[in-house]
Amino acid sequence: MKVLAVDLGGTHATCALVEDQTCVDATVLDYRAAGGLQPLLPEIAIALRDICFRAGVALRELVGVAMTFCGLVDSNTGRVLSTNGKFPDATALDLPRWSEGELGLPLRLENDARMALLGEHYAGVARGIDDVVMVTLGTGIGGAAMIGGRLLRGRHFQAGCLGGHLPVRLDGRTCTCGAIGCAESEASGWALPIIVKDWSGFGSSALNESEINFERLFEQAAAGDTVAVEVREHCLRVWSANAVALVHAYDPEILVYGGGVMKSASSILPSIQEYVARHAWTPWGKVQVRCAELSNNAGIMGAVPLFKEEYSSSLSDVR
């Protein structure tokens with residue numbers, strides 16, 4: 001099965017041709033200066049056609065286009081439901097119609113964390129495990145849940161994908177979603193500069209010298225910077241408490257962590273594993289905490305199972 005994939009991230013879009021469990025070719029588009037999704041669609045169409053040309057694959061040989069989106073989506077109709085400030089024009093776009101018109105191919109749209117989980121279940125660390133929760137730590141905190149080998153979506157397509165918006169503090173910061181004390185508002189990429197600048201002693205910290213991000217946070221913490229150590233420990237506590245909430249909510253066998261922050265996985269996952277082992281109520285055994293295997297390719301590798309899921313559903317409807 002050959003599928004085109006478009007993974008819309010925080011600042012980049014990865015366009016790829018996927019065949020079964022192999023990424024045949026890919027192109028990364030930088031759209032940090034773009035004002036919305038509509039102006040990017042022509043560039044995405046060109047990139048997808050160029051990939052097919054380089055691979056010697058005709059569009060008629062493809063099953064369709066699988067697109068991820070960093071927000072709430074209706075996977076049945078291929079419409080974006082809510083953007084939470086990202087690509088504000090996306091809710092007005094008919095993406096399936098665009099795909100048919102530009103490429104002559106059907107389009108399936110899914111939340112980015114759900115697609116990453118599909119990819120890890122299909123070709124990554126969650127192979128052979130049908131009860132999984134995935135957490136993506138990056139600009140925000142994404143989440144997805146799989147129960148019995150099927151993605152959890154819910155009537156309003158919110159089930160399982162708002163793991164980063166579970167509250168961890170009653171007196172915490174206001175989140176972009178409107179809630180108070182979400183895991184995302186307490187320990188995500190967009191929140192980190194706010195947290196660090198509000199921290200006591202920030203003025204004398206090495207973090208005050210340049211851009212604040214998780215890579216620098218963990219570097220400075222390893223070097224012994226007091227503020228960096230304290231903020232790192234704060235984030236580890238937030239992620240760990242969030243992990244227990246996800247275990248209690250979805251009953252997974254494993255928790256899979258992905259996203260850009262996993263560059264520091266060796267400093268993060270042992271703390272989460274130890275906390276979950278101590279505090280999660282799982283009399284059946286211990287939930288394992290694992291790092292995603294597919295890294296930035298998890299979303300595009302979810303393209304084939306997304307279309308296989310649709311194929312299986314069609315067969316069920318016929319039966």
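Visitor: What should I keep in mind about the numbers and the model?

Guide: Residues are numbered from 1 along each chain as its sequence is written, and side-chain values use heavy atoms, with hydrogens and water left out. The model is predicted, so local features need pLDDT of at least 70 and side-chain atom pairs count only at pLDDT 80 or more, while totals for chains, interfaces and linings use all residues.

Visitor: Why is threonine 14 called buried?

Guide: Buried means under 20% relative accessible area, exposed over 50%, and partly exposed in between, with a 1.4 Å probe and protein chains only. Threonine 14 has 16% relative accessibility, so this residue counts as buried.

Visitor: What makes β2 a partner of β1 and of β3?

Guide: Two strands pair if DSSP finds at least two bridges between them. Seven bridges join β2 to β1 (residues 2-8), running antiparallel, and eight join β2 to β3 (residues 22-30), also in the antiparallel sense. Alanine 13 in β2 stands opposite leucine 8 and has leucine 29 as its bridge partner in β3. β2 and β3 form a hairpin with two residues between them, and aspartate 20 in the turn has a positive phi of about 55°.

Visitor: Which residues does threonine 14 contact, leaving aside its neighbours within four places in sequence?

Guide: Contact means heavy atoms within 4.5 Å. On that basis threonine 14 is in contact with Ala5, Val6, Asp7, Ala26, Thr27, Val28 and Ile300.

Visitor: How do you know that the buried residues of α2 line one face of the helix?

Guide: The buried residues of α2 (residues 95-103) are Leu95, Pro96, Trp98, Ser99 and Leu103. Seen down the helix axis they fall within an arc of 160°, so they line one face; the arc is that of the directions from the axis to the C-beta atoms. The face turned away from the buried side carries the exposed residues Arg97 and Gly101. The buried residues of α2 pack against α1 (41-55), β4 (65-69), β6 (79-82) and β7 (107-111).

Visitor: What follows α2?

Guide: Glycine 104 does, with a positive phi near 70°.

Visitor: What makes a set of residues a nonpolar core?

Guide: The members are buried Ala, Val, Leu, Ile, Met, Phe, Trp, Tyr and Cys residues joined through side-chain atoms within 4.5 Å. The largest such core has 41 residues, and Trp239, Leu255, Tyr257, Ile268 and Val276 have the most contacts inside it. Helix α7 (226-250) is among the elements that give two or more residues to this core, and α7 provides its largest share, 11 residues. A second, separate core of 34 residues includes Tyr31, Leu40, Val80 and Phe87.

Definitions and conventions. Helix = DSSP H or I, 4+ residues; strand = E, 2+ residues; numbered from the N terminus.
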